[in-house]
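Please examine the structure shown below.

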Amino acid sequence: MTYAYAMQLLDANKLGALGAMIRDRTEASLRELSPSAAAVLSMLHFKPGLTTTELAEVVGVSQPTAVRLIDGLERQALIVRGNPEGRVTPLTLTETGHAEVKEMQALRLAALDGLLSALQPDKRRHFVSMLDEILAGATTSRAFARTTCRLCEHDLCGHEICPIGCRAAEIERKESGR
């Protein structure tokens, strides 16, 4: 094994460990919810009126799975179905659903802030800048952006500063020739 290859493996291991820490801490913030159910609630918090089909695409589940998720969230009084509009039914959160998302987001952000607290402010800014580059570089489409940002706090990371959203918009402009 060459030194360069060993260093690549070590870097990959470090990234894997960071990914595991992030996953563990953010999943703990979901409390009783599955990641898919949390994503459904989060999306409806920021984009009320989405349909089952739209949510299935964003969350990355099949239509039948999305229906089961929504049925369960409705039984928990977190979601309500609106009046059908043709073959689709818009979905919204109840007050309890909105409160659940706010609590989940607060726990999630605190968990991630805890990880970053190991860095001094200047190093933290540099790290976040590098993350922006990595996230933008990995973004391939608007659909990718929606799926990746399904648990994001959209009020904090609007489309004008989100590296993923900005890159998706750039891709769309290039594809449309604008």
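Q: Which residue forms a salt bridge with aspartate 113?
A: A salt bridge is a side-chain nitrogen of Lys or Arg within 4 Å of a carboxyl oxygen of Asp or Glu. In this predicted model, local features need pLDDT of at least 70, side-chain atom pairs count only at pLDDT 80 or more, and totals for chains, interfaces and linings use all residues. Residues are numbered from 1 along each chain as its sequence is written, and side-chain values use heavy atoms, leaving out hydrogens and water. With the closest N and O atoms 2.4 Å apart, the partner of aspartate 113 is arginine 124.

Q: How much area do domain 1 and domain 2 bury between them?
A: An automatic or database domain assignment sets the bounds, giving domain 1 (28-117) and domain 2 (119-177). Buried area is the accessible area (1.4 Å probe) that two parts lose on being put together, summed over both. Carbon and sulfur atoms hold 60% of the total, which is about 1,300 Å².

Q: Which residues of domain 1 lose the most area to domain 2?
A: Between domain 1 and domain 2, the count is one salt bridge. Three residues of domain 1 together account for 43% of what that side buries: Phe46, Val58 and Leu116.

Q: Is methionine 21 buried, partly exposed or exposed, and why?
A: Buried means under 20% relative accessible area and exposed over 50%, with partly exposed in between (1.4 Å probe, protein chains only). Because its relative accessible area is 41%, methionine 21 is partly exposed.
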